[in-house]
Amino acid sequence: MDKSMIADMESLPEADKLRMAGMIEQLQIRDSLRMYNSLVEKCFNDCVDTFKHKSLQKQEETCVRRCAEKFLKHSMRVGMRFAELNQGAATQD
C-alpha cells in the first residue's frame with residue numbers, strides 16, 4: 001500500500017475502517033486457504049501413488065514432508081521478495 005492509500009484509509013470514519021479491516025482479514029484468510037489447498041494438491045499428486053493402504057507408506061510420508069517443506073520455504077521466500085520490492089517502491093515516492 002502506498003502512502004496516499006494509507007492516508008486515505010486514515011481519513012475514513014471508524015466504522016468504515018473496521019469494515020475495511022474485516023475485508024482485508026477475509027482476503028488474507030482466503031489466500032491462506034488457497035495456499036494450503038495448493039500445497040495439499042501438489043504434494044498429494046506428486047507423492048501418493050496408490051490407494052492399497054489406508055495410511056501413507058513410509059516413502060510417501062517422507063515425500064509429503066519434503067514437498068511441504070519446499071513449498072512453504074518457497075512461499076516464504078516469495079513473500080519476503082514481494083516485501084522487499086514493496087519497500088523499495090515505497091521509498092521511491
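I'll start with D46 and K42, whose side chains meet in a salt bridge at 2.6 Å, N to O. By salt bridge I mean a side-chain nitrogen of Lys or Arg within 4 Å of a carboxyl oxygen of Asp or Glu. Both residues lie in helix α2, four residues apart, about one turn of the helix. Helices here are DSSP runs of H or I with at least four residues, numbered from the N terminus. D46 is partly exposed at a relative accessible area of 44%, and K42 is partly exposed at 42%. The cut-offs are under 20% relative accessible area for buried, over 50% for exposed, and partly exposed in between, with a 1.4 Å probe and protein chains only.

Before going on: this is a predicted model, where local features need pLDDT of at least 70 and side-chain atom pairs count only at pLDDT 80 or more, while totals for chains, interfaces and linings use all residues. Residues are numbered from 1 along each chain as its sequence is written, and side-chain values use heavy atoms, with hydrogens and water left out.

The structure holds six salt bridges in total. Two others involve E84. Its side chain meets R81 at 3.2 Å, N to O, and E84 and R81 are three residues apart in helix α3, about one helical turn. Shared partners join R77, R81 and E84 into one network of salt bridges. The E84 to R77 bridge is 3.6 Å, N to O. Each member is partly exposed: E84 at 39%, R77 at 41% and R81 at 40%.

Now the disulfides. A search of the whole structure finds two, taking a disulfide as a pair of cysteine sulfur atoms within 2.5 Å. One is between C43 and C67, with the sulfur atoms 2.1 Å apart. That pair links distant parts of the chain, C43 in helix α2 (residues 14-47) and C67 in helix α3, 24 residues apart. The torsion about its S-S bond is about -90°, so the disulfide is left-handed. C43 is buried at 3% relative accessibility, and C67 is buried at 13%.

The other joins C47 to C63, S to S 2.0 Å. C47 lies in helix α2 and C63 in helix α3, so this pair ties together parts 16 residues apart in sequence. Its S-S torsion is about -70°, so the C47 to C63 disulfide is left-handed. C47 is buried at 4%, whereas C63 is partly exposed at 29%. Counting bonded cysteines along the chain, the pattern is 1-4, 2-3.

Next, E60, found in helix α3 (residues 58-91). Which residues does E60 contact, leaving aside neighbours within four places in sequence? They are C47, V48, D49 and T50, with contact meaning heavy atoms within 4.5 Å. The E60 side chain reaches the backbone nitrogen of D49 at 3.3 Å. E60 is buried yet has no salt bridge, and the nearest side chain of opposite charge, K52, is 10 Å away. For charge, Lys and Arg count as positive and Asp and Glu as negative, with His and the chain ends not counted.

Last, the structure holds one aromatic pair. The rings of F44 and F51 have centres 6.0 Å apart and planes at 35°, so the pair is tilted. Rings of Phe, Tyr and Trp (its six-membered ring) pair if their centres lie within 6.5 Å; planes under 30 degrees apart are stacked, over 60 edge-to-face, and the rest tilted. F44 is partly exposed at 38%, and F51 is exposed at 68%.

Technical notes:
Helices (H or I, at least four residues) and strands (E, at least two) are DSSP runs, numbered from the N terminus. A polar contact is a pair of N or O atoms within 3.5 Å; within protein, one must be able to donate a hydrogen and the other to accept it, and residues adjacent in sequence count only if both atoms are side-chain atoms.
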